[in-house]
Structure formats: structure tokens, C-alpha cells
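Please look over the sequence and the model, then read the notes below.

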Amino acid sequence: MGLRPASWLGLLGGFFVLLVVGQPTTALAQNTGTIEGTVLEANTERPLAGVQVSVIGTNRGALTNTSGAFRISGVPAGGQEVRAQLIGYSTVRQDVQVPAGETANVAFVLRQSAVALDEVVVTGTPGGTERRALGNAVSSINAAEITERVSNVTVSELLRAKTPGLTIIGGSGTAGAGNNITIRGANSLFGGNRPVFYIDGVRMSTARMGNFLASCCNPDNQQNANLLDMINPEDIESIEVIKGPAAATLYGADAAAGVIQIITKRGRAGQQDVQWNARVAMGQTDWAHETITNHTVCTQARIESEAYPGCQGRSAGDIITFQPLVEDPNALRTGGLQQYALSVRGGGDGYSFYVSGDFDDEEGIFYNNFSNRRSGRANFSFFPSDQLDFTVNLGYSQQHVRLPLGDESAQSIMFSASLSEPGRMYGGTGGLGWWIMTPELTNRFDNQTRADRFILGSTVTYRPFEWFRNRLTIGMDNNRRQAELFYPPNDPMRYGPVEGAIFQRIPESNIYTVDYAGTMSHSLTDDLSSAFSFGMQLDAQRHRTLSASGQGLGSDATRTVAAAAVTTGSQSFSESRSLGFFAQEQLGWRDRLFFTAGLRMDNNSVFGADIQRILYPKIMGSWVLSEEPFFQGVVPNLDSFRLRAAWGQAGNAPGAYAAERTYGASTVTLADGSTVSALTFGAFGNPDLEPERGDEVEVGFDATFLGDRLGMEVTYYNQRMRNGLLFTSVPPSSGFSGSILENLLETQNEGFEVAMNAVPVETPTIAWESRLNFSSNRNRLLSFGDDRDPMRLGLYAPVQRHQPGYPLAGFWGREIMRDGQGRPVIEDGRPQLGAEQEFIGPSTPTRELGFSNTLTLFRDLQLYALLDYAGGHYQFNVRDWRRAFLGISWDVVDPNADAAEVALMRAGFGAAGVPEPWIQPADFLKLRDVSVSYTLPAAWSGRFGADRTRFVLAGHNMALLWTRYGGIDPEVNFHGDANFLRADGFTVPPTRRITASLNVSF
């Protein structure tokens, strides 16, 4: 289907012009007045900054400053309703009488609310929807508040442990390495498990940055930088997590895995003081765990060998130790961190703005590892009338990442450190206590990636009538990256070609968004209201990659492919477009009982020229039971109680060209020696291919108690993916080879989510806020859709499987045969294992918990801590498996160790597989974030012209408090951000970061 963004843009633009020109607007010149006031927190009486104060029915509003003050000018004279909103607080409304040409004063007092039913959340309809009307759970994260407290340098860090159901699996502690993100579990093998991300209504890419190999083997087995990390957390106001198909129906294609909406900071219209904010942060990153300790038993043969100088002068049986990462100064460093940020926000009559610039440099613990980001943002809003407003959002960022050799790479520091024998002098590029290569040589590895990203979006909102609201968003995400891997000639490292080589890759992606939605709201009777919404979304994507390489460089200074003796090049290109339409009706009874039904129709160019109208329905209901007269006083101390339920479907489209037959071109040499171009077969394609279809049932309740001091949200969901994509072999009779995608797979995820907020103490001198997020998930592969054998995964050994009846990519191992005393059965020096692999457990957490506490003392001193727990899953401990086999871990050199157990640990196993002890429980509890903040008294800040001065000492990844895992840290993955493969293969564990920052507002 040929969909042209320009045509739709012109059509919708013309539609809006007709609306604007054809309808009268409110005259700008009218009798107006001003509203001034303050917003304080209940009980503590401290001023609240960043509160959105708006005049209902107009575009007039303001944000409170650091003193909690606001001023709204140009307000129509007469009676007005004014609303104050802040995430995490109950919305407050007041009626205000505004005299013409004069100022009305009003004071708001906001109380922290565990469940804010009146909070407006983004749902895909114009202006959003109040939470009370939704049948599904939507999690809101106050990013602006979090970034004031903690040391987060990426969006992934900002999201971690903040909302139930969202799982982040880290790949490595390497600076710049990306993470795997899922919502409510993985449900696809070859579709997409990553949620769709939007920023200010514009779809954005969260793909890999395109860096070269930094580990070994293939691109799926490495640490990858991610485009998501190019977004600066300092620019984010809030994040909304929309979970599962029931909630994401309005977003259409690719939304079955959930949607994450990023809303950036902005100003508010109205005459007000310009607010400047400056932030300076300095810090360090270091190794946060016990270091690797290797052991060698000095035998008589080693004492007499020149290869073991460390055993010289020792006695047979002596054990020598070496900590390579600590004792060699070239191995690890304390990396520096610098952050500088400056922003300004404000507004006037008919406009508002937010402008920022940021500078972030982060060094990793290896000398050739860093991740640097430069970013800027400009958000402008214009309000020509009460009926019309439009915004322009511009974001630009640069990322420069240098990744070291890591993981299983034989030349990496972690590999050589983990598997070296103390006291042994290794030849070649190794050294004393270093197996393959010394850190001095490894640090020369030069693998750098630079990226430029520009995100532009514009949203027009027009209300020709009080009952008719329209919104049009047009935007693009353009990102261009350049990855370069360089080996100088005759480098003693000799990892690359001896004669020197350079490899370059330039990926470029463009995503275009056109999104229109309209809502017509009516009061059908005094009790019954209707909100009918309709709209369309157009998503167009283009991806292009140019690659070139050269071998044979003249000198170290030659870093161009053109100067190489032998050069090669290639390129790839793909594009796809999707178009969807939706309609939705929401009925409300007395503003407490709601029923919503919707239908979406999608088409995607992936499926070829034939139009395939794919329908996704949804229904949901919400009942604020506590507002019913018969429910009053039934439950003591209950303030609000809401029941909700939802069912819906959403799609997951395959990649470009999956349905169509493709061809390529190549060169062939004829018998006469001439070279000509020739047509080659590409992919066979499957014209009957359809999107994966996810459907979900979700039920739950929200409740608050004790004067909104305690609240909870509880949700049960059951999600099933049908028509899952799976590769099958192409029939040989077709003349093609390879495989095609078919709709065969069926998977299921079900679980519970609990979010609890509590304010146990709230006084002017002490305030205590506590938040707990818990989620469970049971993942199962229901059916392959054919009679194929289980799919085995694993680089070192096939320890993971996709097998019906079990979790996707679950761990499998062979049982150890033991005698009556529980000791391993040893025959011919080898332990005996069970004949068949047995299921051990899932590879992703089945239980997750985030528990944060904020203690505010005397209004100005604030203490914060976040505990992060994950459990119920397993990890393949490759590092210790290999170390035991080589006889360098304490477990096998301990003279008091059981001989049978030592024989078990030292067995290589090979084709016999991996026994269960090396597939270990990966449960952990971490002190993820901690901070101490102090705000200077206003009088002190005013002495040097500031409104507010805040000092913050913060730590990230502070401590691994508890774990069932036998290795260094279970929260690693040799396979980087891969969807399913998991292994602890000489990967850098999460590093500790400590920062001190100064925040000044003026």
C-alpha cells in the first residue's frame, strides 16, 4: 500500500485551515484581570515548585516558581475556575472572581495523593483523559522530581524500579552500554518485545546505535549503545507507561508490547518571571564489588618451571594469590563524571517557552571507555486565542561512545583477569598473571561511535466549539551515526590485521509521525456524558546503512578507508509505512461510572501492495464505587475506591520486506574474464503474512485510606499473543533457499502488579513518603503452531530453550547423579550426569520490587533511598564454570574441599552439557539509589541573587545487599541487550557512581 506522508499532511493541514478560518475566535482585546497566588504542601507548609495552575476553559496558566508563587495575566474578567495540578498530589480547584484590570489572589494547598483519580494522563485522545475514566492501569513517573534527587544519566536508569510491570535487564556496567526493556514480559520471538517510545507525541527510535563489535562472535553477543540514551533525563517532566494491548489499542501497529510516553518540560502562558535553573555535578565511577582473586597451587613441577616465576622459592603445596584488577594499575581506574546544565522557562500573554543546554561526560572504569553527550532542547507554545494553541518542540543531541573489548573477547581485560594463573608468565602479548593480553595493550582498542539526533515535533490544538477538541501532531526523529573501528599497523595487540585496518559504518534512520485526533464531548442528560473520539496515525520509517572497510594502512596517522590498500563497501536500505484509523466512545454516568468501547483499523506497507484492513477492538469500564451514596461509610477510613476492567487488542508488525519477495544484485566473472552484474535471489517472502496479535484482559482496583495517606493500585492481567512470527524453511521446489516468517506462535503472560504509596508522617518539621512497586509475571510458550523440536539457545552450551509449556528461553541443565550420601557419582574421573536436560527456571525475573523512601526534615533536609529487588530467575555462571575448570578458583584449590565436589567442578563436560550447579538462582536485592539533599534557606540564597540553592550528594548502584547468585553480580549479560540469550560471560558488573551537585534557581 503506497502511503505518502506529504499527501496526508496537506489534507490534514487543509482541514485545520478550514476549521480555523471558518469558525469565529475569541477577540484578543477584552476586559481582563490577573490571578496571583501561592501553592503549598499540606501539613508541611513547604512551597511546591512546578505546579501547573490553569484557568479552566482558557489557555491561561502558569507554573509555580521555587517559592511556590504563580501569576496569570490576561484572564477574562468575571467568575473563573482555577485548577492546580502536580503529579503525586490531589488536584485542587477553586472558584475565583477576577475584577477587570485588577488582581485576584488565591492560595492552594495540595495534599500528596497515593491515587489521584482526577489526574489527566496521555491516552492518545486530545487533551488526555482523567484516570478515573480509564479501565486500564497507567503509571506516571514524576521525572523532574526524581532527577533532583538521584544521579541518573540515562532514561533507562530513570525508569528502573519506578513502576510495576516494567523490566529492565542490564547488559554491562560499561559506560554507554544499553539495556533490554520489556513491559509485562516478552511475548514474541521474531517480532518486537520492546515498547514503543514517544516523546511529546512523536514516535522515536530506541534501536541500537550501530557500534562495532566490542566482544566476540556476532552482533547479538555484544554490548550495544542505544539511541534511547541520547535523551537527556534533565529535560523530562514526566513519563507515562501504558501497559499491554488493552491500553495501547489507540497506538496501533507495534503497540502490543506497550507504549512509553516521554513528556518534556515546558513553560506556561501568562506574564510571569523568567525562571533560570543551573546545575553542576561532579562525580566518579568505580568498581563496586569484590574483585577477582585467582589462586595457584605451587607443585614441584611449577617450582622448577621458568613459566612460573611466582612459585620460585616456594614449597610444594603453597597457594599463591593474585588480584589482577587491583594489583595492576593499568587495569581499572576511577572514572570521572561531569555534568553541566542550564535551562530557562517562562511565558507571556499568548506564549510560553522552555530552553535548555546540557553537557555530560562519563568515564568508564576502563581507560578506553567513555560516554559523552551534548544536548539542547527548545519547546515553544503559542496561544493566539482560547480556541487555538500550538507547540513546537525541538531536541538535538550528540553522543560519543567508546566501548572497550569486553565479555568473552579473548583480548579483553575481564577475560584475561578471570582466567589467569597467579605467578605464571604468559608469553606473547600476555604477562605475569595476565593470560592473553595485558591491560596496557588492551587499552589501545579503538572502537568509537558518534551519533547526531534531531527530533522535531509540532502540535496544533483547536477547539472551534466548547464541545469539539482537535489535535494534530506532526514530527520526525532523524538520527545519523558513524561507527569506526581502527587497528594501527603492526600493533603488538594483533587483534586486528597486522597491516592495519579501518572499518566504518554509517547508519541513518528517519521516523515520521502524523497523528490527528478529535473528541466531541456532550452532556446527553444531567447524569450521562459522552466523549466520542476519532483519529488517524501515519508512521513512516526509513533506514539506511553505508559500510566501508580498508586493510593495509601506511601509518598510524592514516584513518581513512580511501588510503587503504584494499577497500570494500556495501549498503542497505529499508522503509515501511503504517496507517491506522480509530474511533472510540466513552460514556460517563454521574462522573463515576464509565464505559469505553473502541475500534482501530491498521494497514502496513510491510504486507505488500494489497490492502489488509486489520481491526483491533477494545472495551473497558471504570466505577468509582466510593462516590456512590450506598457505599459511604461501608469501609472505615476508606477515602476512595475504584473498580476497573479492560480488554483489548493491539498489533505487532514484522520488519520491512518480510511479506514480499526480494532480489539482489551481485557481480560474476564470465568465462572470458569479463565481470558483469547478475540478479540474485533475496528473500522468498510470505504474501499471507499478518501482524502478531496480542489481546489482554486486565482487572483491578484503586483505593486510598486514612485521608489519602495510604493508597494502592492492584492489577491482574492475562495477555496472550496469537499469530506469533516464526521462521520456517522455504520449500526447495520454489527455487529459493532460506526461511520465511509465518504466523504460528502462541505465547502467554499473566501476573499481578501492585503500587502502594504512603505518607506515614507529614508535619512542618518531619515528612515521610514511601512508595512500593511490586509485580509478578508468569511467561509461557503455549505452542509453536507446528511439530518442530524445541529451539535450543546458547553460545557456550545449549542451556536455554524455547519449548512449549515452559517460559521463553528458560534454562535447562543436566542433573548431577549423587550417591546415598549426596556426593557426586564419579566414574573414570568424571561426574555422571542425567541422560536428559531438565527444566531449571526462567531467564527473566518473575518477581520484582522497588521500594523507595523520602524523609524530609525541617523542610530543607531530604534523605532518599531506593531498594531494587528481582527474583525467581536464573543466570548461567560461565565465568565461575570456566575458572573452576582451570583450577584457579578457591573452591577447587581449597585443601579442605571434598574431592568429589572438586572433580565435579573441574569437569569440562563438553558435549555432556552443563550441570545444574552452574545455572544459578539470580535473585538479588540492591541499594540502587541513595541521596542527601539540602536546600539553603531562601534568605541565604537571596544574598547572592538566587531564589533557591540546593546541594545533593547522590549514589547510584551503591551496594549489592543480598543475592543467591554465586558469581560477582547476576545483573549482567554477555549478550548485551538481546531479547532472550542470557549468560554471565566475563562481563563488567554494574559500577558504582557517586556525585555531588549544586542546583541554583534564579
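**Strands, a helix and a buried lysine**

A hairpin of six residues links β21 to β22. This is a predicted model, in which local features need pLDDT of at least 70 and side-chain atom pairs count only at pLDDT 80 or more, while totals for chains, interfaces and linings use all residues. Residues are numbered from 1 along each chain as its sequence is written, and side-chain values use heavy atoms, with hydrogens and water left out. Helices (H or I, at least four residues) and strands (E, at least two) are DSSP runs, numbered from the N terminus.

- Strands β21 (residues 351-363) and β22 (residues 370-382) are antiparallel and share 13 bridges; two strands pair if DSSP finds at least two bridges between them.
- Ser352 has Ser381 of β22 as its bridge partner.
- β22 is also joined by 13 bridges to β23 (residues 388-402), again in the antiparallel sense.
- Phe370 has Arg402 of β23 as its bridge partner.
- The hairpin from β22 to β23 runs through five residues.
- In a regular strand the side chains alternate between the two faces of the sheet.

**A four-stranded open sheet**

- The order of the four strands in this open sheet is β3-β2-β5-β6, with antiparallel pairing.
- β3 (61-63) and β6 (92-98) are the edge strands, each pairing on one side only.
- On average, neighbouring strands of this sheet are turned by 20 degrees against each other, direction ignored; the axes are lines fitted to C-alpha atoms, and angles run from 0 to 180 degrees between N-to-C directions.
- Within the sheet, β2 (residues 52-55) and β5 (residues 78-85) run antiparallel and are joined by four bridges.
- Gln52 has Gln85 of β5 as its bridge partner.

**Helix α9**

- Helix α9 (residues 878-886) has these buried residues: Val878, Arg879, Asp880, Trp881, Arg883 and Ala884. Buried means under 20% relative accessible area, exposed over 50%, and partly exposed in between (1.4 Å probe, protein chains only).
- The buried residues of α9 pack against β18 (294-298), α7 (413-418), β47 (874-876), α10 (890-893) and α11 (899-906); contact means heavy atoms within 4.5 Å.

**Lys162**

- Lys162 lies in the loop between α3 (155-159) and β11 (166-170).
- Lys162 is buried but has no salt bridge, meaning a side-chain nitrogen of Lys or Arg within 4 Å of a carboxyl oxygen of Asp or Glu.
- Asp929, the nearest side chain of opposite charge, is 4.3 Å away from Lys162; Lys and Arg count as positive and Asp and Glu as negative, with His and the chain ends not counted.
- Not counting residues up to four places away in sequence, Lys162 touches residues including Ile141, Asn773, Tyr864 and Asp929.
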